[in-house]
Amino acid sequence: MHAVVRNVEEMTPAWKELEARAPVKLRAIRSERHYKAMTEFMNELLDEIGDRESHPLAGLLDVVTMFVRDYEEREVEIPEASPAAVLRFLMGQRGLRQVDLADLFGSQSNVSEVLSGKREINARQARALGRRLVVSPAVFI
């Protein structure tokens, strides 16, 4: 047990440095403002990391994702709706535009077709959206 305490004490300078450099407070989200900042940070991490689970910041993404998921489970009500309507809702909640999701759909026009109901979301896109928006892919199918 003594070794664990010592290791925790040794982590303090690293934690302080991380807190000083992080663009958001790395703790439980308690306000809408903090939520928006955290989701923006999460999206930046996702853009950098992509699907590379071995990326050095993958663990940080996991932690940030848990903070966002926890807040959304407590505070954000996702309505029963079509996949396109859910996508529109989540985009609005996160301040995303069609161009922000173009990489997941192949083009901005494909995003537009999904949002207008002319095109369905396929399984690969649903998984990618789930990762990006931190929700179950099932809401898009």
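1. **Ground rules.** Residues are numbered from 1 along each chain as its sequence is written, and side-chain values use heavy atoms, with hydrogens and water left out. As this is a predicted model, local features need pLDDT of at least 70 and side-chain atom pairs count only at pLDDT 80 or more, while totals for chains, interfaces and linings use all residues.

2. **How many salt bridges?** A salt bridge here is a side-chain nitrogen of Lys or Arg within 4 Å of a carboxyl oxygen of Asp or Glu. By that rule, the count is seven.

3. **R21 with E17.** These two form a salt bridge, with the closest N and O atoms 2.4 Å apart. Both sit in helix α1 (residues 2-21), four residues apart, which is about one turn of the helix. Helices here are DSSP runs (H or I, at least four residues), numbered from the N terminus. Are the two partners buried or exposed? Buried means under 20% relative accessible area, exposed over 50%, and partly exposed in between, using a 1.4 Å probe and protein chains only. R21 has 66% relative accessibility, so R21 counts as exposed. E17 has 40%, so E17 is partly exposed.

4. **E19 with R27.** Look for the side chains of E19 and R27 next: they meet in a salt bridge at 2.6 Å, N to O. E19 is partly exposed because its relative accessibility is 30%. R27, at 41%, also counts as partly exposed.

5. **E113 with R119.** E113 is at 29% relative accessibility, so it is partly exposed. R119 is partly exposed as well, at 34%.

6. **Helices α5 and α7.** Two packed helices are described by the angle between their axes and the distance between the axes. Helix α5 (residues 98-105) and helix α7 (residues 123-133) pack at about 135°, with axes 10 Å apart. The axes are lines fitted to C-alpha atoms over the stretch in contact, and angles run from 0 to 180 degrees between N-to-C directions. That angle makes α5 oblique to α7 (under 35 degrees is roughly parallel, over 145 roughly antiparallel, 65 to 115 roughly perpendicular, and the rest oblique).

7. **Who touches whom?** Contact means heavy atoms within 4.5 Å. From α5 come D100, L101, D103, L104 and F105, and from α7 come R124, Q125, A128, L129 and R132.

Note on methods:
Helix = DSSP H or I, 4+ residues; strand = E, 2+ residues; numbered from the N terminus.
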